[in-house]
Amino acid sequence: MDHPLARLTAEEIRAARAVLQGAGLLTKATRFAVLALEEPPKQEVMAFAAGDPVDRRVRAVLLDSDTGQSRTVLASISRDEVDQVTDVNPAVDGQPPILLEEFGAADEIVKSDARWRAAMSRRGITDFDLVCACPLSAGSFDIPGEPGRRMLRVLSFLQHHQADHPWAHPIDGVVAYVDLTTREVVDLLDQETRPIPREEANFDDPGYVGPVRTTLRPIEIAQPQGRSFVVEDDVVRWEGWSLRIGFDAREGLVLHQITFRDGDRDRPIIYRASIAEMVVPYADPGPVRYWQNYFDAGEYLLGQQTNSLALGCDCVGDIHYLDVVVADGDGEPREIRNAVCLHEEDFGVLWKHSDLFTGSAETRRQRRLVISFFVTVGNYDYGFYWYFYLDGTMALEVKLTGVLFTSSYCDGDEWASEVAPGLGAPYHQHLFCARLDMMIDGVTNAVEEIDVRGEPVGSRNPQGNAFVPSVTRLTRESHAARVAEPALARVWHIVNPQQTNRLGRPVAYALCPQGQPTLLADESSSIARRAAFATRHLWVTRYHPAERYPAGELVNQHPGGAGIPRWIAADRSLDGEDVVVWRTFGTTHIPRPEDWPVMPADTCGFVLKPVGFFDRNPALDVPPTPSAG
Ligand code: NI
């Protein structure tokens with residue numbers, strides 16, 4: 001490959017498998033839970049010049065499906081060598097992520113279990129083909145006999161027929177604890193028998209929806225001269241912005257080496273940006289659901305769940321799609337067509353002024369480049385949209401849609417909303433963690449927290465009107481675990497203390513948070529240990545190439561403490577260093593009836609805005625749009 005960060009190709013995936021095969025690491029029972037590009041350390045990539053030799057390496061997590069043993073492997077395709085093999089102790093290190101094929105296995109295992117069948121029969125269910133067994137990550141709860149076993153927990157839903165959406169009919173009260181290695185139900189919880197909600201909710205059935213409205217006239221996006229961006233070997237260039245597209249089975253879309261052209265310089269902003277983890281913790285403390293916490297990246301692999309997008313439905317305008325390749329459970333390439341979507345959108349007014357004195361009246365229109373992908377993880381669907389604007393702003397927006405996870409609702413239930421008659425939707429959060437390997441005009445960066453505070457009345461402020469931003473440098477990792485304070489307009493500036501603008505001040509980008517809670521689970525809970533990243537809105541760490549995932553490498557059934565809490569125990573200095581910013585954001589979801597039977601997209605995210613990065617408004621040269629008359 002010609003660039004060290006180039007995406008793994010199908011040929012490279014096959015070659016990687018062959019290297020592992022040649023080293024005797026594969027048997028008939030070997031499953032590939034992960035096969036990913038092992039990116040070279042940042043300094044190596046930055047020193048790379050076109051034509052330099054590249055050592056293409058992969059990282060694999062291998063699972064022996066007969067024994068449940070697993071190991072991680074580092075290997076070089078270029079050198080045809082295995083560099084490192086590490087055995088995993090699952091009770092301590094966690095389990096490999098859940099494989100797609102294990103979804104089917106869980107279904108078979110519960111349906112062949114006599115206790116589970118009896119529990120269904122007691123609820124009047126006899127046709128098990130109409131039961132959807134949901135393969136849910138098990139978490140880590142000190143349940144006797146569980147540590148070290150590869151577990152899933154299974155909740156079940158009923159269909160009235162094969163096209164009936166099962167989420168409308170939760171079979172509440174029954175949980176199967178499944179061992180995927182011994183292929184048995186090790187425990188079956190059969191709690192109180194609750195009524196199974198009857199009402200169907202088939203939003204794709206015209207009979208359920210009723211007549212569709214006829215009042216919407218077409219909106220067509222016309223780009224008669226085509227798009228304004230170019231994509232060449234995964235490098236995207238648009239209106240000063242430049243970046244390289246990457247794709248990973250775990251994180252999905254990765255953006256590398258984001259720069260902005262300013263005069264004759266390509267100025268770095270971010271070295272690498274991705275969604276490094278996300279977790280969906282549920283609030284119901286009862287025996288049926290207390291364990292519900294899904295790490296959709298670390299346990300289910302966002303990239304593996306990526307949709308193929310459809311022109312005109314998912315994306316409108318002049319679209320450029322990228323196909324991606326991930327490795328399947330056999331370690332063979334699996335292509336996902338139209339996985340990443342690139343397009344431009346009009347975004348209303350960029351700047352405008354009608355002047356009282358000069359009579360000048362100027363308007364410019366904002367536009368953004370959108371780079372997105374969509375995943376489906378069970379009932380939920382998530383769209384990840386990176387936006388790049390003409391004025392140097394960039395943003396990430398996550399769109400949350402799909403179908404609520406449901407329960408049987410009875411009067412007095414405290415931990416769920418009733419969304420349809422007798423149908424509950426347990427309260428939950430969706431918490432994402434973006435890993436932003438910052439590089440504001442170079443790797444020597446620092447992070448400042450800016451609060452705006454009113455001044456008390458005094459000799460400096462006799463009329464009491466004064467307010468002023470106060471700046472706190474977050475100099476060490478132990479000081480850089482922060483929460484948002486919307487009432488103080490709190491933002492975090494990532495500055496380069498060695499680079500100044502024409503006003504002599506350090507160049508910076510501001511990270512602007514939304515005012516949503518962090519993890520609401522108690523700090524003593526299992527999920528607070530396992531998803532410590534979600535307990536703060538911001539963390540800053542010193543760059544280290546192995547520090548990739550905020551909840552650790554193997555999240556599935558991990559007992560907790562890995563990732564950010566372990567790294568920051570070193571309390572490294574952050575002042576004028578190569579820093580990585582970890583930004584937790586998300587929604588706290590108290591479901592509404594309007595979220596049923598399919599949820600209008602909710603959004604969350606963050607914005608990165610230049611603050612003294614440019615010497616003036618960088619979008620003055622946007623030409624006026626001709627008036628339509
Ligand atoms: Ni939700």
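Start by selecting helix α4, residues 100-111: its buried residues are Glu102, Ala105, Ala106, Ile109, Val110 and Lys111. Keep in mind on this tour that the model is predicted. Now show what surrounds the helix: the buried residues of α4 pack against β2 (57-64), α5 (114-122), β5 (131-137), β6, β7 and β8 (184-190).

**Next stop: strand β6**

From that list, pick β6. How many of its residues are buried? The count is 8 of the 8, so β6 is largely enclosed by the rest of the structure. Colour its two faces separately, remembering that side chains in a regular strand alternate between the two faces of the sheet. On one side you will find Met151, Arg153, Leu155 and Phe157, and on the other Leu152, Val154, Ser156 and Leu158, with both faces covered.

β5 pairs with β6 in the antiparallel sense over 7 bridges, and cysteine 134 stands opposite leucine 155 of β6. β7 also runs antiparallel to β6, joined by 6 bridges; here arginine 153 has tyrosine 177 in β7 as its bridge partner.

**Along the open sheet**

Select the strands β15-β16-β17-β18-β19-β30-β27-β26-β24-β25, in that order: these 10 strands form an open sheet with antiparallel pairing. At the edges stand β15 (320-327) and β25 (467-473), each with a single partner strand, so one side of each has no neighbour in the sheet. Ignoring direction, neighbouring strands of this sheet are turned by 25° against each other on average.

**Aromatic stops**

Turn to the rings next: the model has 29 aromatic pairs. Select tryptophan 167 and phenylalanine 405, whose ring centres are 6.1 Å apart with planes at 50°, so this pair is tilted. Tryptophan 167 sits in the loop between β6 (151-158) and β7 (170-179), and phenylalanine 405 in the loop between β19 (394-402) and β20 (407-408), so the pair ties together parts 238 residues apart in sequence. Both tryptophan 167 and phenylalanine 405 are buried.

For another pair, select phenylalanine 374 and tyrosine 385: the centres are 6.3 Å apart and the planes at 85°, so the arrangement is edge-to-face. Phenylalanine 374 belongs to β17 (residues 361-377) and tyrosine 385 to β18 (residues 380-389), so this pair ties together parts 11 residues apart in sequence. Phenylalanine 374 and tyrosine 385 are both buried.

Then show one aromatic cluster together: Phe247, Phe373, Tyr380, Tyr382, Phe384, Trp386, Phe432, Phe585 and Phe606.

**Last stop: the nickel ion**

Which atoms coordinate the nickel ion? They are Tyr380 (OH), His428 (NE2), His430 (NE2) and His589 (ND1), at 1.9 to 2.0 Å. Along the sequence, these donor residues are spaced Y-x47-H-x1-H-x158-H. Histidine 430 in β23 (residues 428-438) and histidine 589 in β29 (residues 579-589) link distant parts of the chain, 159 residues apart.

Why is the arrangement irregular? The 4 donor atoms subtend angles of 96 to 142° around the nickel ion, and a tetrahedral site would need all angles between 85 and 135 degrees.

Conventions
Residues are numbered from 1 along each chain as its sequence is written. This is a predicted model: local features need pLDDT of at least 70, side-chain atom pairs count only at pLDDT 80 or more; totals for chains, interfaces and linings use all residues. Side-chain values use heavy atoms; hydrogens and water are left out. Donors are N, O and S atoms within 2.8 Å of the metal (3.2 Å for Na, K and Ca); water is not among the atoms, so sites may look incomplete. Four donors count as tetrahedral if all angles lie between 85 and 135 degrees; four count as square planar and six as octahedral if opposite donors are over 155 degrees apart and all others between 65 and 115; anything else is irregular. Helices (H or I, at least four residues) and strands (E, at least two) are DSSP runs, numbered from the N terminus. Two strands pair if DSSP finds at least two bridges between them. Axes are lines fitted to C-alpha atoms, for helices over the stretch in contact, and angles run from 0 to 180 degrees between N-to-C directions. Rings of Phe, Tyr and Trp (its six-membered ring) pair if their centres lie within 6.5 Å; planes under 30 degrees apart count as stacked, over 60 as edge-to-face and the rest as tilted. Buried means under 20% relative accessible area, exposed over 50%, partly exposed in between (1.4 Å probe, protein chains only). Contact means heavy atoms within 4.5 Å.
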